[in-house]
Amino acid sequence: MKNFFAILGGMGTLATTNFLIELNKRHTPTKDQDFFNYMLFNHAEIPDRTSYILDNSAPSPLPALLADIEQLNVLKPDFIVMPCNTAHYFINDLIDATSIPIINMIKETVATIPSNTTKKIGLAVTQGTLESQLYERELLFNGYEVILPDTTLQHKINELIYTYIKEQAIINLLLYEEILEEFQQLGSDITLLGCTELSLANSHDPLKKFPVIDAEKILLERTYQLAQQLKMRV
């Protein structure tokens, strides 16, 4: 296979599956050959990213991620995407391990925020992404005011991501809307969904009453643009 990209996923599998579904819905192929060439690494056994960030004595995801990069170096995709926000804690280590471009989901997301967006952005992320300040630093650097969740709200975000989606494959849309409404009450003009399980909930939200910036959809759009360029080569 030539002119293909790689998806480094499985963190978690439901979210990675949603990324693929949304990517393939993004365009309207009329025959099998119109779909993109890609390779999916659904590496479900990668240790939990948040557990390691909160406690460095927990198993580290980095060795498994580096092993995947080593395999991809042999397969030589044209670019790599990693649809897991929290895993970007390790992005610099992964970039250093390959000459293949890795799309940085955090930077892509913040760079894509429309310039007319009001400056107060609520941050809905995993506890690991919150503690590591992956998005907070990038948003502040670009001049945005960041609205962080209080302990109670972060507990609800953790519950939606882990208790409902990861552990039971239940997309609790009532809790999802409650979280977005509480960000609004805290002063957010828009909420950044910086976890692909939250993006999965957004994909299944039929009402979309609250404004969001969906990091998965932004990564997906960038992937679509680059994949289209690869198709032009065929």
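Author: This is a predicted model. The lining of the second largest cavity divides into five nonpolar residues, three polar ones and one charged one. Its volume is about 40 Å³. The residues that line the second largest cavity are Leu 180, Phe 183, Gln 184, Ser 188, Asp 189, Ile 190, Thr 191, Phe 210 and Pro 211. Helix 9 gives the most, with three residues.

The count of cavities of 30 Å³ or more comes to four. The largest cavity has a volume of about 80 Å³. Its lining is made up of 13 residues, and those nearest its centre are Arg 49, Cys 84, Thr 86, Thr 126 and Lys 166. Helix 2 (49-54), helix 8 (151-168) and helix 10 (196-203) are the elements that supply two or more residues to the lining of the largest cavity. By class, this lining holds four nonpolar, five polar and four charged residues.

A search of the whole structure finds zero of them. For Cys 84, the nearest cysteine sulfur is that of Cys 195, 7.1 Å away. A disulfide needs the two sulfur atoms within 2.5 Å, so Cys 84 is in no disulfide. Cys 195 is likewise in no disulfide, with the sulfur of Cys 84 as its nearest cysteine sulfur, at 7.1 Å. Cys 84 counts as buried because its relative accessibility is 4%, and Cys 195 counts as buried because its relative accessibility is 4%.

Open space is described by the pockets. The largest pocket has a volume of about 190 Å³. Its lining consists of His 88, Tyr 89, Ile 91, Asn 92, Asn 104, Ile 106, Lys 107, Leu 134, Arg 137 and Glu 138. Helix 4 (91-96), helix 5 (105-112) and helix 7 (134-141) each supply at least two residues of this lining. Helix 7 gives the most, with three residues. Sorted by class, the lining of the largest pocket has four nonpolar, three polar and three charged residues.

Key
Residues numbered from 1 in each chain as written. Predicted model: local features only at pLDDT ≥ 70, side-chain atom pairs only at ≥ 80, totals over all residues. Heavy atoms only, no water. 1 Å grid on protein atoms, 1.4 Å probe; cavity = no way out; pocket = protein on both sides within 12 Å on 5 of 7 lines; lining within 4 Å. Points joined across faces, edges and corners; volume = space filled by probe spheres on them. Helix = DSSP H or I, 4+ residues; strand = E, 2+ residues; numbered from the N terminus. Nonpolar A, V, L, I, M, F, W, Y, C, P; charged D, E, K, R; others polar. Buried < 20%, exposed > 50% of the residue type's maximum accessible area, 1.4 Å probe, protein only.
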